[in-house]
Amino acid sequence: MELNGKVALITGAASGIGHGVAQRFANAGGRVCIADLNIDAAKSAAEQIGGDDVAIAVAMDVTNEEQVRSGVDAAAKAFGTIDILVSNAGIQIVHPIEEFPFEEWKKLLSIHLDGAFLTTKSCVKYMYPQKSGALIYMGSVHSHEASPLKSAYVAAKHGILGLARVMAKEGAKHNVRANTICPGFVRTPLVEKQIPQQAHDLGITEQRVVEDVMLGETVDKQFTMISDVAEVALMLASFQTNALTGESIVVSHGWFMN
Ligand SMILES: NC(=O)c1ccc[n+]([C@@H]2O[C@H](COP(=O)([O-])OP(=O)(O)OC[C@H]3O[C@@H](n4cnc5c(N)ncnc54)[C@H](O)[C@@H]3O)[C@@H](O)[C@H]2O)c1
């Protein structure tokens with residue numbers, strides 16, 4: 001699978017899964033824009049991935065319409081267009097609902113859903129006229145399943161699936177595909193933070209959080225790796241036809257089977 005110079009804008013790519021996707025795309029001959037809230041980390045990620053002709057960093061808060069618009073335009077100016085969007089930036093906040101601060105609910109929904117909406121809106125401006133593009137959304141097993149303490153995250157990730165399916169229908173006549181990747185637990189900073197929090201909230205040890213809560217339903221008690229998710233992203237980015245659109249691909253060691 002080769003990207004042959006195709007341009008990908010990847011949000012939240014200064015860390016974790018997004019960073020792995022950016023690296024994999026560059027290795028496959030793509031050019032990548034690392035769009036992240038954390039501009040220092042985004043710049044070092046871009047430098048590590050390649051020179052300015054391969055990887056650039058843009059500062060972007062995905063909840064801010066003006067920053068999204070100017071960041072997408074800057075990436076398109078640097079590389080000529082946008083062929084692929086990976087809407088990946090995300091956070092996790094866990095609380096039982098009766099203790100869930102409304103502000104934190106709104107913050108989480110805004111990063112995941114407003115972020116996906118705003119980046120899509122800005123990127124299709126480049127994809128529709130050229131009659132090609134791939135929209136890739138980072139969902140989760142929680143786009144299909146629910147877990148306690150994750151009301152905001154599960155609602156957001158189910159919402160992502162809805163947006164992707166609409167974009168598959170709206171994008172089709174422009175030859176723009178839209179798909180969602182649904183990973184199981186991947187050991188990134190987002191997940192490391194949850195282990196002590198869940199142990200506290202559920203009143204169990206950290207080892208039980210990992211073995212029972214996170215990996216209990218997998219077929220082999222294994223974490224999904226960043227490289228697994230990056231490989232699926234590359235497949236979706238390089239797929240040639242509308243045969244594969246509106247789909248969600250679960251990468252979770254069998255935790256959830258579609
Ligand atoms: N790690 C997992 O187990 C897992 C599983 C399923 C889905 N996901 C999803 O994968 C995506 C990436 O998660 P990760 O585990 O790599 O997390 P991470 O914490 O390693 O990286 C998230 C990145 O998003 C950036 N970010 C946060 N808020 C932002 C904003 N408002 N604007 C722009 N950038 C912002 C952060 O600076 C960071 O670089 C998220 O959407 C997450 O929900 C993760």
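Me: How many bridges join E1 to strand E4, and in which direction do the two run?

Reply: Two strands count as paired if DSSP finds at least two bridges between them, and strands (E, at least two residues) and helices (H or I, at least four) are DSSP runs, numbered from the N terminus. Here, E1 and E4 (residues 84–87) run parallel and are joined by three bridges, and Leu9 has Leu85 as its bridge partner in E4. This is a predicted model, in which local features need pLDDT of at least 70 and side-chain atom pairs count only at pLDDT 80 or more, while totals for chains, interfaces and linings use all residues. Residues are numbered from 1 along each chain as its sequence is written.

Me: Is strand E1 buried or exposed?

Reply: A residue is buried if 20 or more other C-beta atoms, placed from the backbone, lie within 10 Å of its own, exposed if 12 or fewer, and partly exposed in between. Five of the five residues of E1 (residues 7–11) are buried, so the strand is largely enclosed by the rest of the structure. Val7, Leu9 and Thr11 point one way, Ala8 and Ile10 the other way, and all are buried. Strand E3 (residues 55–59) is mostly covered, with four of its five residues buried.

Me: Why does Arg31 count as buried, and what does it touch?

Reply: Arg31, in strand E2, counts as buried because 24 other C-beta atoms lie within 10 Å. Two residues are in contact if their C-beta atoms lie within 7 Å, and Arg31, leaving aside neighbours within four places in sequence, is in contact with Gly5, Val7, Val54 and Phe79.

Me: Which residues have the most contacts inside the largest nonpolar core?

Reply: In soluble globular proteins, nonpolar side chains tend to be buried together. A nonpolar core is a set of buried Ala, Val, Leu, Ile, Met, Phe, Trp, Tyr and Cys residues joined through C-beta atoms within 7 Å. The largest one here has 77 residues, and Ile10, Ile34 and Ile136 have the most contacts inside it. Helix H4 (residues 102–130) gives the most to this core, with 10 residues. Beyond four places in sequence, Ile34 touches several residues, among them Ile10, Ala13 and Ala57.

Me: Where is Lys131, and is it buried or exposed?

Reply: Lys131 lies in the loop between H4 and strand E5 (133–138), and is exposed because it has 10 other C-beta atoms within 10 Å. Its phi is near 60°, a positive value in a residue other than glycine.

Me: How many residues surround the ligand, and which are the closest?

Reply: A residue is near a molecule if its C-beta atom lies within 6 Å of it. The ligand is surrounded by 28 residues, the closest being Gly12, Gly16, Gly90, Thr188 and Leu190. Helix H1 (16–27) and helix H6 (189–202) are the elements that give two or more residues to this shell.
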